Amino acid sequence: MKIKSLNLQVGETEDKKFLKAKSQLELLIEDLKGRELPDKVIEEINNEIDDLNSISGSHKEIRRSIKKKQSNILKILETELKLVPKNHYRNTWMAIGMAAFGLPFGVIFSFLIGNMAFLGIGLPIGLAVGMGIGAEKDKESQNNNKQLNFEITY
């Protein structure tokens, strides 16, 4: 079974956001075409692509649909095959590090000094810790060939 191509029914446009979202999804699809995927996963991805190909409307509406379908496809790949895009764990762990490590460290530091103005000092520390953990997990997924040759750009 093969992964279908993206065939959006839209006219000419110079909307940079739309073109960027479309090209990003096309890059993801091309990367997936070069991989051996189970038929069940290919069928789910093809359903998402079919839904997207059948949408008509303004470029803004289609762009929103592209982003939603891309997110759905990435979710399918992560849950079924543990495939993630580049820097997935780094971005995820950056927020976790700030919340789980940074805030408690900032509170402790503020109480030790006796000045609550230093509450935010832990956030950059937690950010660095989270990015470090995430970078290691990204490296591990790349070594195990579980990383897509695709990076989400916002």
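Me: Is Glu-80 buried, partly exposed or exposed?
Reply: The relative accessibility of Glu-80 is 38%. Buried means under 20% relative accessible area and exposed over 50%, with partly exposed in between (1.4 Å probe, protein chains only). The structure is a predicted model, in which local features need pLDDT of at least 70 and side-chain atom pairs count only at pLDDT 80 or more, while totals for chains, interfaces and linings use all residues. Because its value is 38%, Glu-80 counts as partly exposed.

Me: With which residue does Glu-80 form a salt bridge?
Reply: Residues are numbered from 1 along each chain as its sequence is written, and side-chain values use heavy atoms, with hydrogens and water left out. A salt bridge requires a side-chain nitrogen of Lys or Arg within 4 Å of a carboxyl oxygen of Asp or Glu. For Glu-80, the closest N and O atoms of the pair are 3.7 Å apart, and the partner is Lys-40.

Me: How many residues apart are Lys-40 and Glu-80?
Reply: The side chains of Lys-40 and Glu-80 form a salt bridge. The pair links distant parts of the chain, with Lys-40 in helix α2 and Glu-80 in helix α3. Lys-40 counts as exposed because its relative accessibility is 52%. The separation of Lys-40 and Glu-80 is 40 residues.

Me: How many helices and strands does the protein chain have, and in what pattern?
Reply: Helices (H or I, at least four residues) and strands (E, at least two) are DSSP runs, numbered from the N terminus. By this assignment the protein chain has five helices and two strands. Along the sequence, their pattern is α-α-α-β-α-α-β.

Me: Which residues are linked with Lys-69 in a network of salt bridges?
Reply: Lys-69 of helix α3 pairs with Glu-48 of helix α2, 21 residues away. The closest N and O atoms of this salt bridge are 3.3 Å apart. Lys-69 counts as buried because its relative accessibility is 14%, and Glu-48 is buried because its value is 14%. The network joins Lys-69 to Glu-48 and Asp-51.

Me: Which residue forms a salt bridge with Arg-63?
Reply: Arg-63 lies in helix α3 and is buried, because its relative accessible area is 14%. In the salt bridge of Arg-63, the N to O distance is 3.9 Å. The partner lies in the segment before α1 (16-33), 48 residues apart from Arg-63.

Me: How many salt bridges does the count come to?
Reply: Among the pairs are Lys-40 with Glu-80 and Lys-69 with Glu-48. By the rule for a salt bridge, the count comes to nine.

Me: Why does Leu-52 count as buried?
Reply: Leu-52 lies in helix α2 (residues 39-53). Leaving aside neighbours within four places in sequence, Leu-52 is in contact with Leu-6, Leu-8, Leu-25, Ser-65, Ile-66 and Lys-69. Leu-52 counts as buried because its relative accessibility is 1%.

Me: What is the C-alpha separation of Ala-95 and Leu-123?
Reply: Ala-95 is found in helix α4 (residues 88-113) and is partly exposed, because its relative accessibility is 47%. Ala-95 and Leu-123 are 28 residues apart along the chain. Their C-alpha atoms are separated by 9.7 Å.

Me: What radius of gyration does the protein chain have?
Reply: The radius is taken over C-alpha atoms, and the globule rule is 2.2 Å times the number of residues to the power 0.38. A compact globule of 154 residues would have a value near 15 Å. The C-alpha trace of the protein chain spans about 60 × 35 × 20 Å along its principal axes. The radius of gyration of the protein chain is 20 Å.

Me: What percentage of the residues of the protein chain count as buried?
Reply: Residues 24 or more positions apart account for 78% of the contacts in the protein chain with a separation of 6 or more. Of the 154 residues of the protein chain, the buried share is 31%.

Conventions
Contact = heavy atoms within 4.5 Å.
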